[in-house]
Amino acid sequence: MALLGIIRRWYIRDRISIREISRRLDISRNTVRRYIRSGAIEPSYPSRHSSSALDEFAPRLSAWLSAEAVKSRKQRRTLKQMFLDLRELGYEGSYDRVAAFGRQWKVGQMERVNSASKSTCWTDL
């Protein structure tokens, strides 16, 4: 992050006080002091996990996606149809969350397939 570089450059090279840096950047003195003392190059923030309305229905949606994946293309249900089925079961969220879940599920499946194919490759040929 550029902010840490600016803080370090002003403090170490330009000899600007912590109070002046905090005033110029409009951040807390304690934050400036913490950035100077830490050896971190970028600030790290804890990963944020907020609950979703879809969390309750995620196992069922995963099962549906797994079942649909083995069907032929013309026999598969779309995510829109699965969303409507979830609505009947009491899901009150938006279609966007269902679509995002479907995209992530697909990426996870592709990663599993790729890692499985890499582990079964013949390297002794």
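Is arginine 24 buried, partly exposed or exposed, and what is its relative accessible area? Arginine 24 is partly exposed, at 44%; here buried means under 20% relative accessible area, exposed means over 50%, and partly exposed lies in between (1.4 Å probe, protein chains only).

Before the close-ups, a word on the model. This is a predicted model, in which local features need pLDDT of at least 70 and side-chain atom pairs count only at pLDDT 80 or more, while totals for chains, interfaces and linings use all residues. Residues are numbered from 1 along each chain as its sequence is written, and side-chain values use heavy atoms, with hydrogens and water left out.

**View 1. Glutamate 20 and arginine 24 pair up within helix α2.** Their side chains form a salt bridge, 3.1 Å from N to O. The term stands for a side-chain nitrogen of Lys or Arg within 4 Å of a carboxyl oxygen of Asp or Glu. Both residues belong to α2 (residues 18-25) and sit 4 residues apart, about one turn of the helix. Helices (H or I, at least four residues) and strands (E, at least two) are DSSP runs, numbered from the N terminus. Glutamate 20 is partly exposed, with a relative accessible area of 22%.

**View 2. Arginine 13 meets aspartate 14 in a salt bridge.** Here the N to O distance is 3.3 Å. Arginine 13 counts as exposed at 58% relative accessibility, and aspartate 14 is partly exposed at 36%.

**View 3. Arginine 77 and glutamate 68 form a salt bridge.** Their closest N and O atoms are 3.3 Å apart. Arginine 77 is partly exposed, at 28%, whereas glutamate 68 is buried, at 7%. Through shared partners, salt bridges link Glu68, Lys71, Arg77 and Asp85 into one network. Across the whole structure, a search finds 6 salt bridges.

**View 4. The largest nonpolar core brings together 11 residues.** Such a core is a set of buried Ala, Val, Leu, Ile, Met, Phe, Trp, Tyr and Cys residues joined through side-chain atoms within 4.5 Å. Among its members are Leu54, Phe57, Trp64, Met82 and Trp105. Two or more residues each come from α4 (58-69), α5 (79-89) and α6 (95-119). A second, separate core of 9 residues includes Leu4, Trp10, Ile21 and Ile36.

**View 5. Valine 98 and the residues it touches.** Leaving aside residues up to four places away in sequence, valine 98 touches Leu54, Leu61, Leu79, Phe83, Leu86 and Tyr91. Contact means heavy atoms within 4.5 Å. Valine 98 itself belongs to the largest nonpolar core.
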